[in-house]
Amino acid sequence: MDIYGRLILSWNDSRVTWDKKEWGISWLNFYWLQIWTPQLTQTNAPATKESEIKSKVLGANSAGNIFMWLDFSLSVLTDFDYSRFPFDQQRGCFKVDDKRHFAVHLKLDSNAGEFARNSLQGLHPARWDVVDIELLENQFSLKVLQNDVPVDAISSNLDICVTLKRDTSYIGLAVIGPCIATALITMMSFMASKYWNQIVTLIASIGLQIISAHSFISELPPASGVAPPFVKFCSFNLALTCILLILFGLLSFLTSLKHALPPPNWISRPISFICTFCPFFGKQSDQVKLGEDGTVTINEQTTPPTYQSPWDSVGKSIKIFFFIATFSLYVLAILISFSS
């Protein structure tokens, strides 16, 4: 993680004072070698990339108040957690201290944190949103020997902690959208009247899932040993679609057996009960017409009835059961995978 910005330091130096009435000057600019200045550095910078903290302006007023503006470029290695990708938040902390340990005691201004948060309005990192920035003053002590007497050397350093949240605007279009769309296509396969239409719809869903998988492979984070939730959902979607494809293939073969033995009564009775209360998956109703004189005429189907397999009602009942189970599993998987 890399950040760039500016720090403003101020301290008092009694050696840099003058009478502004006598000299007629209330402000002076200095070169950083002419007076004492802190020598800040980043203590947790990676070995492959050094941090930079450079002084731009150094000035003092007649009362000995010295101000220094520093431009910094800091880098840190952060252990990213991808377990909630693409809804993950990452946090990185940059430790700043003086090169001469225990020589400078850093203290934060009371308005420094608010000023840093106000500066977030102008930050727009690519594919990320800056959630918060914290300035932390860490105090620590170390026991040292002075004239053979142990004393506590107290010092402090500064932590600049930045919290980032991944921008899901494009991730949702490229990754989450195809997963939800193919899941809907899989559910729509139950609405087809014939098994072969259902099989063709499931094959199309599997093909679209494979094609969409190539589009979001480039969006995946580096392997970290934990699969993101949406990857688990896509895998679940593909596995469930393949299971339904095998199921409809078996049901198509089962209902095509016209000379098979009928199912036993302990199967046929509950099956007939299910088909009675689920007319959507049942038989087509007769046509009813109302005459001009108010008489009601029921027209039966003119086409001769086709011979159905004795296992046709069993297949429809299994289809109803798997429709309810698949819908419930999809709702549960979506809530687990995409809930924030």
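Guide: Helix 3 (residues 169–188) packs with helix 4 at an angle of about 175°, their axes being 9 Å apart; axes are lines fitted to C-alpha atoms, for helices over the stretch in contact, and angles run from 0 to 180 degrees between N-to-C directions. Helices (H or I, at least four residues) and strands (E, at least two) are DSSP runs, numbered from the N terminus. This is a predicted model, in which local features need pLDDT of at least 70 and side-chain atom pairs count only at pLDDT 80 or more, while totals for chains, interfaces and linings use all residues. Residues are numbered from 1 along each chain as its sequence is written, and side-chain values use heavy atoms, with hydrogens and water left out.

Visitor: What is helix 3 relative to helix 4: roughly parallel or roughly antiparallel?
Guide: Angles under 35 degrees count as roughly parallel, over 145 as roughly antiparallel, 65 to 115 as roughly perpendicular and the rest as oblique. The angle here is about 175°. Helix 3 is therefore, relative to helix 4, roughly antiparallel.

Visitor: How many residues in the contact of helix 3 with helix 4 are charged?
Guide: Contact means heavy atoms within 4.5 Å. Helix 3 contributes Ala174, Val175, Pro178, Thr182, Ile185 and Thr186, and helix 4 contributes residues including Leu202, Leu208 and Phe216. Ala, Val, Leu, Ile, Met, Phe, Trp, Tyr, Cys and Pro count as nonpolar, Asp, Glu, Lys and Arg as charged, and the others, Gly among them, as polar. The contact of helix 3 with helix 4 divides into seven nonpolar residues, seven polar and, as to charged ones, none.

Visitor: Which class has 15 residues in the contact of helix 4 with helix 5?
Guide: Helix 4 (residues 195–216) and helix 5 (residues 229–255) pack at about 160°, with axes 9 Å apart, and are therefore roughly antiparallel. In their contact, no residues are charged, eight are polar and 15 are nonpolar.

Visitor: In which hand does helix 4 cross helix 5?
Guide: A crossing is left-handed if the near helix is turned anticlockwise from the far one by less than a right angle, and right-handed if clockwise. By that convention, the crossing of helix 4 and helix 5 is left-handed.

Visitor: How many nonpolar residues are in the contact of helix 3 with helix 7?
Guide: The axes of helix 3 and helix 7 (residues 312–338) come within 11 Å and cross at roughly 170°, so the two are roughly antiparallel. Helix 3 supplies Ile176, Ile180, Ala183, Thr186 and Met187, facing residues of helix 7 that include Phe323, Phe327 and Tyr330. Of the residues in this contact, none is charged, two are polar and the nonpolar ones number nine.

Visitor: Is Ile66 buried or exposed?
Guide: Ile66 lies in strand 5. Beyond four places in sequence, Ile66 touches residues including Leu9, Trp11, Val16, Ile35 and Leu58. Because its relative accessibility is 0%, Ile66 counts as buried.

Visitor: How far apart in space are Asp98 and Asn157, C-alpha to C-alpha?
Guide: Asp98 is found in strand 6 and is buried, with a relative accessible area of 1%. Asp98 touches Pro38, Gln39, Leu40, Thr41 and Val104, leaving aside residues up to four places away in sequence. Asp98 and Asn157 are 59 residues apart in sequence, and their separation in space is 7.9 Å.

Visitor: What separation do the C-alpha atoms of Thr78 and Met1 have?
Guide: Thr78 lies in the loop between strand 5 and strand 6 and is partly exposed, at 23% relative accessible area. Its contacts beyond four places in sequence are Met1, Arg91 and Gly92. Thr78 and Met1 are 77 residues apart along the chain, with their C-alpha atoms separated by 6.7 Å.

Technical notes:
Buried < 20%, exposed > 50% of the residue type's maximum accessible area, 1.4 Å probe, protein only.
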